[in-house]
Amino acid sequence: MLLRLDLQYFAEKTEKATPRKKQEARKKGQVAKSTDLSNALVLLGSFSFLSFYGELAGPRILRLFTSGLSDGLLWDLTEESTVLLFKNMLIDAVLIAAPILFIAWLAAIVSTISQVGFLITGESIKMDLKKIDPIAGAKRIFSMRSLVELLKSILKVILIATVAGLYLWNQRGVVLKLPQMDPFLIVSTLAALTFKMGMIVSAVYLVLAVADLVYQRYEHAKQLRMSKQDIKDEHKKTEGDPLIKQKIKEKQRQIASARMMQDVPKAQVVVTNPTHYAVAIAYEAGKMAVPVVVAKGTDFLALKIREIAKEHRVIIMENKPLARTLYAGVAVGEEIPEELFKAVAEVLAYVYRVKGTLSK
């Protein structure tokens, strides 16, 4: 019976991106971020700040114009006086605009951090010849994403212009009365109209920006999607190829086994099952506090331990319960637990008696 394998099943990017894939994309600067949200918060923060800052900046702006149009006209037009006049006006203008610019900058920073967190990367400014590839550029220009961005921009312009137009139409009575007002009242009225319209437009823009952020996150997640094969390949990179891991473990077992066999001659006794289990125990009175398991194994390893023990005249003693208990409960290099002291002591006593008899 033959099974048909659809390779397209492994090639389609239908799976969500793994945390590793998201982290790699973040390092490259590929994050879900809405520029519209940053712009909306900058506008909203700036107009909100102007709601109370305007009362403080208004008199300074008035003094700036009156000094330029009254006192400045009485100055002698020399190079030094002209430079000084413009220098004073520039300083005053900067002092007036600086708080607004600072609030706008702060709103932009807060917007960016709230969307993507604290992120500094130089990947986006690295030299990449693919960025100047005309074919790739044409594909980006005429892609579905570019079309969606164009439609979004048109929709934003239409909606914001409609909201601003409806507000001005609602305030048409005030606008028509402007020619009948004195200059100072005209300025204050226009400032109030501008502030209110700015707040309304900013609020509408903020709603559009939130929707755009949801769309950007959806598109970002879509671009990071992975195929089943991609996930398997990533797992191999992070966890390692199973075949290689198996070979490494096998090599480690061989090294550990060889090192363990080197310690068998140091043992005083090898406790056996008699054929399936073998545990080598070492103990030197005065040098070791308690006996230690220096080697253990089953089947083939047990046979090797017994052979090495015979070669080096290490006593082999059959004790099925003790051999099984030591093999199951004590690792190589560990001391004999307290509950097995009596059983092991009896074995060692027998070993010393045998060695004593042999020496005689």
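## Overall architecture

The protein chain contains 13 helices and four strands, taken as DSSP runs numbered from the N terminus (helices: H or I, at least four residues; strands: E, at least two). The model is predicted: local features need pLDDT of at least 70 and side-chain atom pairs count only at pLDDT 80 or more, whereas totals for chains, interfaces and linings use all residues. Residues are numbered from 1 along each chain as its sequence is written, and side-chain values use heavy atoms, with hydrogens and water left out.

Of the 360 residues in the protein chain, 26% are buried, where buried means under 20% relative accessible area, exposed over 50% and partly exposed in between (1.4 Å probe, protein chains only). Among contacts (heavy atoms within 4.5 Å) between residues at least 6 apart in sequence, 77% join residues at least 24 apart.

## Helix α8

Helix α8 covers residues 183-223, which is 41 residues. Its end C-alpha atoms are 57 Å apart, in agreement with the 60 Å that it should span at 1.5 Å a residue; the expected span is 1.5 Å times one less than the number of residues.

The N-terminal end of α8 is capped by Asp182, with a side-chain oxygen 3.0 Å from the backbone nitrogen of Leu185.

## The second largest pocket

The second largest pocket has a volume of about 450 Å³. Its lining comprises 22 residues, of which Gln30, Val31, Arg145, His220 and Gln223 are the closest to the centre. Two or more lining residues come from each of α2 (19-27), α3 (35-71), α6 (144-170) and α8. By class, the lining divides into four nonpolar, seven polar and eleven charged residues; Ala, Val, Leu, Ile, Met, Phe, Trp, Tyr, Cys and Pro count as nonpolar, Asp, Glu, Lys and Arg as charged, and the others, Gly among them, as polar.

A pocket is an open set of points on a 1 Å grid over the protein atoms alone, where a 1.4 Å probe fits, with protein on both sides within 12 Å along at least five of seven lines; lining residues have an atom within 4 Å of a point. Grid points are joined across faces, edges and corners, and the volume is the space filled by probe spheres set on them.

## Two serine sites

Ser38 lies in helix α3 and counts as buried because its relative accessibility is 8%. Its side chain makes a polar contact of 3.0 Å with that of Ser111; such a contact is a pair of N or O atoms within 3.5 Å and, within protein, one must be able to donate a hydrogen and the other to accept it, while residues adjacent in sequence count only if both atoms are side-chain atoms. Leaving aside neighbours within four places in sequence, Ser38 is in contact with Lys33, Ser111, Thr112 and Gln115.

Ser153 belongs to helix α6 and is partly exposed, at a relative accessible area of 35%. Ser153 and Asp36 are 117 residues apart in sequence, yet 9.9 Å apart in space, C-alpha to C-alpha.
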